[in-house]
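Please look over the sequence and the model below before reading on. The paragraphs that follow lead from one part of the fold to the next.

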Amino acid sequence: MQPTITAFERSPDRGRGLARDMRVRWALEEVGQPYGVRLVSFAAMKAPAHRALHPFGQIPTYEQDGLALFETGAIVLHIAQSHAGLLPAEAHARSRAIMWMFAALNTLEPPIVEWGAARILEHDKPWYAQRQPMLEDRARTRLAELAQRLGEADWLDGETFSAGDLLMVTVLRRLGDASPLLQEQPSLLAYIARGEARPAYQRAFADQLAVFTASAKAG
């Protein structure tokens with residue numbers, strides 16, 4: 001039985017591949033696993049039926065053979081452990097790939113999201129001018145540390161793409177190509193571009209974009 005994931009009926013990212021279902025779509029495409037998508041409205045996300053799957057009323061969720069999961073890290077890890085292609089077979093390399101999954105979500109994503117959210121939600125607040133440089137420095141520090149570790153390698157653990165790279169690329173993409181923080185780190189821009197060039201990424205992006213395009217046409 002193929003898995004079913006949930007995604008925004010009308011995504012606030014306007015089809016740019018930033019909604020978190022993109023991570024799950026990409027993982028499923030990488031391992032060649034067909035899947036179904038159930039689109040949910042913002043109202044339905046907060047309804048009891050959806051909260052039974054995701055207690056925090058968000059997307060995505062993942063259902064297959066009686067298993068229901070939420071949180072993209074947990075879902076991508078489940079996919080990677082259930083199929084070949086996203087985790088190395090060698091034990092130490094496998095552990096390092098999982099380590100990078102945690103690093104993407106726990107170390108890189110929080111300062112990136114906080115910096116971006118403040119620009120959108122707090123730009124008119126009296127404390128913004130003092131707080132934003134601090135948030136920017138936090139994000140800049142993490143990006144510089146990541147770039148230093150990546151060096152000239154294609155992927156985080158050398159030549160082999162893994163679930164760690166999948167999550168890290170999606171986290172970095174939240175900054176946007178034009179972000180001055182990313183422009184300071186050309187190696188990270190090239191790293192993102194390598195991820196976006198993968199056929200599985202392109203299929204997942206096209207599918208997510210198609211949902212937004214259809215919803216926009218529907219009015």
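Is Met-99 buried, partly exposed or exposed? At 41% relative accessibility, Met-99 counts as partly exposed, where buried means under 20% relative accessible area, exposed over 50%, and partly exposed in between, computed with a 1.4 Å probe on protein chains only. Met-99 belongs to helix H5, and its C-alpha lies 9.9 Å from that of Ala-163, although 64 residues separate Met-99 and Ala-163 in sequence. Helices (H or I, at least four residues) and strands (E, at least two) are DSSP runs, numbered from the N terminus.

The model is predicted, and therefore local features need pLDDT of at least 70 and side-chain atom pairs count only at pLDDT 80 or more, while totals for chains, interfaces and linings use all residues. Residues are numbered from 1 along each chain as its sequence is written, and side-chain values use heavy atoms, with hydrogens and water left out.

Just after H1, Gly-32 takes a positive phi of about 75 degrees. Thr-170, in helix H7 (residues 163-173), is buried with a relative accessible area of 7%. Leaving aside residues up to four places away in sequence, Thr-170 touches Arg-23 and Trp-26, contact meaning heavy atoms within 4.5 Å.

A pair of aromatic rings is described by the distance of the centres and the angle of the planes. Rings of Phe, Tyr and Trp (its six-membered ring) pair if their centres lie within 6.5 Å, and planes under 30 degrees apart count as stacked, over 60 as edge-to-face and the rest as tilted. A search of the whole structure finds 7 aromatic pairs.

How are the rings of Tyr-201 and Phe-205 arranged? Their centres are 6.0 Å apart and their planes are at 25 degrees, so the pair is stacked. Tyr-201 and Phe-205 are separated by about one helical turn, because they are 4 residues apart in helix H10. An α-helix has 3.6 residues a turn, so residues three or four places apart point the same way. Tyr-201 counts as buried at 4% relative accessibility, whereas Phe-205 is partly exposed, with a relative accessible area of 24%.

One aromatic cluster is formed by Trp-26, Trp-155, Phe-161, Tyr-191, Tyr-201 and Phe-205. Two arginines sit over rings of residues named there: the charged end of Arg-194 is over the ring of Trp-155, 5.9 Å from its centre, and Arg-198 lies over the face of Phe-161, at 3.8 Å from the ring centre. A charge sits over a ring if NZ of Lys or CZ of Arg is within 6 Å of the ring centre and within 35 degrees of the ring normal.

On a 1 Å grid over the protein atoms alone, a cavity is a set of points where a 1.4 Å probe fits but cannot get out, and a pocket is an open set with protein on both sides within 12 Å along at least five of seven lines; lining residues have an atom within 4 Å of a point. The largest pocket holds about 1,000 Å³ of space. Of the 33 residues that line the largest pocket, Leu-18, Arg-20, Glu-109, Val-113 and Arg-174 are the closest to its centre. H5 provides the largest share of this lining, 10 residues.

The structure also holds 2 cavities of 30 Å³ or more. The largest cavity has a volume of about 50 Å³, and H10 gives the most to its lining, with 3 residues. The second largest cavity, with about 40 Å³ of space, has Arg-23 and Thr-170 among its lining residues.

Conventions:
Points joined across faces, edges and corners; volume = space filled by probe spheres on them.
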